Every structure is written in structure tokens, then in C-alpha cells.
Amino acid sequence: DDEIERERVSQHLSGGCCALAAVYLLGKFYMANAGDSRAIIIRNGEIIPMSREFTPETERQRLQFLGFLRPELLGKEFTHLEFPRRIQPKELGKKMLYRDQSMNGWAYKKIEEDDLKFPLIYGEGKKARVMATIGVTRGLGDHDLKVFSSNIHIKPFLSCFPEVRVYDLTQYEHCPDDVLVLGTDGLWDVTNDKEVASVVMEVLTSYEPNDPCRYTMVAQELVVRSRGVLKERGWRLANDKLGSGDDISVFVIPLGGPGNYT
């Protein structure tokens, strides 16, 4: 993240990205995730999550706590408090549900002038945004990112530190059908864990266990199915829902070789 900031000045580069890394060391996989990509292990048909997405919703309390500690980062435009919906001036003095950085549930508060500011976190699901700007709360770069038509920087709320999970391969017997799947949000936006596992099993069973190209074909199939087919109404999946409009990058890594097959 520091190197990207240096290159921003020396090479006039801007922008940012999420990061998902798998490191194999001494019989263990270390999965580091910063952003909204995802990793799962499929072992004997069982799905084992190896990461979680970092979004305004999943990191609500961390973001609100920072806004609470350093209100100057919010400018005069935003409030760190969250409300079920945007508050209207006519609702001043009335009671409405809210929650702050210390709350999991909701409580009532009397609406004050400060509560009319735009919420630090607004929207739900894939539409949730930090300061109405970005939907991912961890990653690399984005040092220049600002709220539209303002001088308020988003970077202080974006963390470059990943969450790391560990999987010990020596604790289990793995067959050639056991795999680690890494995918960007373009895959997971339209395909859930079970659907990915189903495609993995479907494609792997159509190849011999010692055929190395079987894993590449799984990754290719996952990309193709998530993109969909171009029709008159745009890219469509098999169920006629919209295909992924985002980048789709997929890695499928075998955890066991032919010698492990039983």
C-alpha cells in the first residue's frame, strides 16, 4: 500500500484494488483477504469458507468507530450514525431508530440537526457505500479517492490489512477432487458457494483424475457461466438473470494428487 502511494507521485498512477492471496508453507495454506474477493475449499463435497468479504455492512462498526473518534474526517457532510433511511428536515424533533459504533441492535433517538447529514454508510447489500462512494472497505491504493465534488478523502476509512485464515493440509487425506477456489467478486456476485461446488464436481467428474487440465477447465467453466450469454437484453445467465458485469478472475487449485485418490 505504501509502494502504491509512492508510485502515485513518481509515476502519476492512481486507483486501487482488492487483494486475495494463497500462500503454501510447510504443509499449510495461509489465505489473506483484503476486499470482496472470496476463497473456499471444497473437500469431499463439503464447502469450507476460507475468507469473508469486507464491505460497508460487514465493517460497519469499525468505520463508525473511526468516524466517532475523528469527526474531522467526515467533513461537515456526513454523520457516523446509521439510520434505517435518510432523514428529512420535517422529521426534526421526532424519534427514529438508529445505531452507533457500539451497537449491534437498534435503539430510538430524538432527531437533531446533525442527524440530517448524509450517513457515513448508506445502502444495503451490493449497493452499500462508504460516503456514497465505494462499496469495498479493504484493499490497496485509492489514495486519491475523494467524495464527489468535495475535498473529503475516503482513504482513512479503507484498510490495507488483510484477514488471514489457515488451513492445515496435513490434517486430512485429500483426493484429486478436493480443491481450493479463489475468485473475484465478479464470480460471487451471481454464483453462490453451493453453485460453485456443483460446477466443480460436474466438470471434475468428466475428466480422468490424473488429467491436469481438469482444474483449468473448472475455472474456465465458472467464468463462462458467471458471465452468461449475450442476448438482446444483455448478458444473461442460464436462469435468465443478468450475468456478472464485473471482472471475473478464478483460480482452481488441487489439494490432492492422483496418488491420494481412493
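**A salt-bridge tour**

Start by selecting E53 and R38: these two form a salt bridge, with their closest N and O atoms 2.5 Å apart. (A salt bridge here is a side-chain nitrogen of Lys or Arg within 4 Å of a carboxyl oxygen of Asp or Glu.) You're looking at a predicted model, where local features need pLDDT of at least 70, side-chain atom pairs count only at pLDDT 80 or more, and totals for chains, interfaces and linings use all residues. Residues are numbered from 1 along each chain as its sequence is written, and side-chain values use heavy atoms, with hydrogens and water left out.

Why pair up at all? Side chains of opposite charge can pair when their charged atoms come close.

Now colour R38: this residue is buried, at 17% relative accessible area. (Buried means under 20% relative accessible area, exposed over 50%, and partly exposed in between, using a 1.4 Å probe and protein chains only.)

Next, select E91 and R85. Another salt bridge joins them, and their closest N and O atoms are 2.5 Å apart.

Hop over to D114 and K117, whose side chains meet in a salt bridge at 3.4 Å, N to O. D114 counts as partly exposed at 47% relative accessibility, and K117 is partly exposed too, at 24%.

For the last stop, select D36, K126, D185 and D189 together: a network of salt bridges links them.
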